Amino acid sequence: MARARYVNGLAAVAVEIEVEAQRDGLALQLEGGTQLWPWDEIARADDRVGPVVLKRKPESGARLTLDAETAADVRAAAPHLFRLRSQRFGLVIALMAFAAVMTVTTVYGAARLAEPIARNAPPDFVARVQMIAEAQLSYLVSPCPSGPRDAEGLAALFDLTDRIGEAAGVSPARYDIHVVEADFSNAFATPGGRIIVTDNLIDLLDTPDELAGVIAHEMGHVAEDHVMVSLIKNMGIGVFIDIVLGGQGAGLTLASFNVVSLRHDRGFESAADRFAVRALDQAGLDPGGLAAFFRRVAEMSGAGLGLPELLSTHPDPSRRAEALAGAARPGRPAAMTAQDWSAVKSMCGLEDPAPPPPAPFDGPLSPGLGAPPKP
Ligand SMILES: [Zn+2]
């Protein structure tokens, strides 16, 4: 038997009584006999700071104040009376949130969560991601050694990129393009819209149309915000936010924050290919260059000439070449003059293997002034 102070709610006088926690409720030894308060009719009537005070529902004004020992007995029999309301509320919220995440994940796929986060990221958030990406990049690529035709090559590269951007309706403020020295062949875009082409890739490209195709494809990733979305998808939302906010995980997981080997999913790759075809076509260029490039990459990898970086970030080149096959517009002018192409092929300390002959004569193959229009 434990003791408690009882107020019947009619008289403002407390009496000491004996109480006993039973299976069905709390038994109170009152003057008139034993009264059972069933557990499901008991509620707390205290502020949860001082002593435990119980009341019975419906409210009659009766109160039972427990000492510590009695409270412990009651707690053992009816733990629900001692659970903090905020804990229960928190548990409900956590369960609801978990259920919502599971529903979203099941119905829409986890990937869908990355999109709204990436697309609604505030500018300073993007700037921070870009800063981290650039810091990572500095370990993986180097600035080009300056060469005699760099200015000429850069001017040709900027001109081609701007023609593609303008045709696609992408503001020049959203992108820029750099050639860097690296020991791998690849092109990629950073979260801030910087398109990066490695010198080894420039070396690998056969024609200016292939270069135009590569630039237009990367422009697609920039224009459609693929880079931020893919970064979040690759790292997981929690890790991503932790890194961006400079949390504890930053040092450990920074290595996975790597735009150089960032893999976009197949849907984004196809979308960037389609974007490239549209942009090149609207710029009056032949979109066939991208297909030609993928065809050649497929042949090279088939022949055992490894292009690991390029193939890991631009997978399935033969299927993509096939998908792009119908997009070629043969007969369109080349994306660059032979002079400009030679300057680009000489960038970053490269040696143009086939320097062009003097400026070509605008010969009978191209329709001159006054030529009859094609049917
Ligand atoms: Zn891509």
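Student: Hi! Which residue in β11 is the bridge partner of Ala189?

Tutor: Hi! In this predicted model, Ala189 has Ile195 of β11 as its bridge partner.

Student: Nice. How many bridges join β10 to β11, and how do the two strands run?

Tutor: There are 3 bridges between β10 and β11, and the strands run antiparallel. β11 covers residues 194-198.

Student: What's the strand order in the sheet?

Tutor: The order is β8-β9-β11-β10, in an open sheet of 4 strands with mixed pairing. β8 (142-143) and β10 (187-189) are the edge strands, each pairing on one side only.

Student: Which helix packs on that sheet, and which strands does the helix touch?

Tutor: That would be α7, residues 208-223, which touches β9 (176-181), β10 and β11. The direction of α7 makes about 20° with that of β10.

Student: Switching to helices: how do α7 and α11 cross?

Tutor: Their axes come within 7 Å and cross at roughly 120°. An angle of 65 to 115 degrees would count as roughly perpendicular and one over 145 as roughly antiparallel, so α7 is oblique to α11.

Student: Is the crossing left-handed or right-handed?

Tutor: The crossing of α7 and α11 is right-handed.

Student: And which residues make the contact?

Tutor: On α7, they include Ala212, Gly213, Ala216 and Met219. On α11 (residues 266-282), Phe268, Ala272, Asp273 and Phe275 are among them.

Student: How many of the contact residues are nonpolar, polar or charged?

Tutor: The contact of α7 with α11 has 11 nonpolar residues, 4 polar and 1 charged.

Definitions and conventions: Residues numbered from 1 in each chain as written. Predicted model: local features only at pLDDT ≥ 70, side-chain atom pairs only at ≥ 80, totals over all residues. Pairing = 2+ DSSP bridges. Contact = placed C-beta atoms within 7 Å. Axes fitted to C-alpha atoms, helices over the stretch in contact; angles between N-to-C directions. Parallel < 35°, antiparallel > 145°, perpendicular 65-115°, else oblique. Left-handed = near helix turned anticlockwise from the far one by under 90°. Nonpolar A, V, L, I, M, F, W, Y, C, P; charged D, E, K, R; others polar.
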